Amino acid sequence: MGLGYVGLPLAVSFAEAGEQVIGIEVNARRVAQLRCGESYIEDVPSEKLQAIADRFQATTRISALAKVDAIVVCVPTPLTPNREPDLSPLVDACQAIASVLQPGQLVVLESTTYPGTTRERALPILEESGLTAGEDFLLAFSPERVDPGRTDHTLRTTPKIVAGHTETCGNAAEALYGLICDQLVRVSAPEVAEMAKLLENIFRSVNIALINEMAELADRMGIDIWEVIDAASTKPYGFMRFEPGPGMGGHCLPVDPFYLSWKAREHDFSTEFIELAGKVNQHAPYLAVEKVERRLNELGKPVKGTRIGILGVAYKAGVGDIRESPALKIIQRLGALGAEIAYHDPFVASLPQFGLEGGALPDVLEFAEVVVIVTAHPDIDHSAIAERHQVVDLRGVTRSRRAVARPVQRPSLKSVQAA
């Protein structure tokens, strides 16, 4: 259920393993594309869909679930405007499943959520079917670990965390994911798996916030933060490289930490690190705009009326995913200040919310008085662009100097003194 960045690759993997797969998707346009063998997800080439056409069926019909052995829920878990968990897609999915749930079926939640969701929210809704979890049907949680655009760690090679409502439920989930994953990590309860997924993303969120704050301080002190990071990264232990940028995007990092913050309040606990990290990371796009304003000031130009070219609007390099992309906030803010905006992104054809169509790279470069590198997509020579244009580099990709650990021929103290 849900054929987005998580659900579609999962469906393809099961079909490639020889299983018959039914994909449930509420977006009828997506279903039509899939039926024509056309993919809308970068990680799933259309050729892969066409190769499994006899084992994969996309539909909007919930009734199709009545004849399957396992149902995997991969629906969005967004935030409300007040940054609280919005479980309505998950609740709707569980209600739909309950209407067709059959004895012996396995239901697995993959959608990221707060600890307790599987037992406290999903289980009661599913049991409205008249069936009992752990006895009449099986229930488990296995958090998705999809990183769009990544090729070094795939769905098969990334260890899969699995937890069942009961021992039998967990065994069934292991059997299911054993079809497509090389390594399974069995944990004792769904709450552990739910918390593990949040910890993974909160770890990244907090460290990205730290490096963004360090970058702001380094900027004020006139220190090259990228050189600092390069130097620190030569330490073989006790340090993990994180890089500053214009803000976080995608579904996970800007959203998931707030699920735990919200749940913590039920236990009279304040997650100060998590909330501070969220505050720092949400402010990053505004700092990026300040950098653009400073560059324009150096050039003697106001923001209003200046032609600004944005390179990359997806939230990360190599994909077309614009969910929570900091580029959207940057474009919105620069537009509000009166700038004329054009953008180039080989993965994003248009931004209808701003009335913008993506332009060819030469056209955007010719248009722009200042070029802002927001997302550094591959196959673009950003250094060459920086040599010919006024550039604000928010990703550090136009730097040539890198600190590396290497053996050197050290001069003697006497030779230095003599010199």
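**Close-up views of a predicted model**

**View 1. Packing of helix α7 against helix α9.** Helix α7 (residues 190-221) packs against helix α9 (residues 252-265) at an angle of about 120°, and their axes lie 9 Å apart. Axes are lines fitted to C-alpha atoms, for helices over the stretch in contact, and angles run from 0 to 180 degrees between N-to-C directions. Helices (H or I, at least four residues) and strands (E, at least two) are DSSP runs, numbered from the N terminus. The angle makes α7 oblique to α9; angles under 35 degrees count as roughly parallel, over 145 as roughly antiparallel, 65 to 115 as roughly perpendicular and the rest as oblique. From α7, the contact (heavy atoms within 4.5 Å) is made by residues including Met195, Leu198, Ile202 and Ile208, and from α9 by residues including Leu253, Pro257 and Leu260. The residues of this contact comprise nine nonpolar, two polar and three charged. Ala, Val, Leu, Ile, Met, Phe, Trp, Tyr, Cys and Pro count as nonpolar, Asp, Glu, Lys and Arg as charged, and the others, Gly among them, as polar.

The model is predicted: local features need pLDDT of at least 70, side-chain atom pairs count only at pLDDT 80 or more, and totals for chains, interfaces and linings use all residues. Residues are numbered from 1 along each chain as its sequence is written, and side-chain values use heavy atoms, with hydrogens and water left out.

**View 2. Packing of helix α4 against helix α5.** Helix α4 (residues 88-98) and α5 pack at an angle of about 35°, their axes being 8 Å apart. Among the contributors to the contact are Leu90, Val91 and Ile97 of α4, together with Ala122, Ile125 and Leu126 of α5. By class, eight nonpolar, two polar and one charged residues form this contact.

View 3. Histidine 377 occupies the loop between β12 (370-373) and α13 (382-388). With 2% relative accessibility, histidine 377 counts as buried (under 20% relative accessible area; exposed is over 50%, partly exposed in between; 1.4 Å probe, protein chains only). Its side chain reaches the backbone nitrogen of glycine 318 at 3.0 Å. Beyond its neighbours within four places in sequence, histidine 377 contacts residues including Gly312, Val319, Pro346 and His382.

**View 4. Surroundings of aspartate 136.** Aspartate 136 lies in the loop between α5 (117-126) and β5 (138-141). Its relative accessible area is 31%, so aspartate 136 is partly exposed. Excluding residues up to four places away in sequence, aspartate 136 touches Gln102, Pro103, Gly104, Gly130 and Leu131. The C-alpha atoms of aspartate 136 and proline 148, twelve residues apart along the chain, are separated by 36 Å.

Terms used: Polar contact = N/O pair within 3.5 Å; in protein donor to acceptor, adjacent residues only side chain to side chain.
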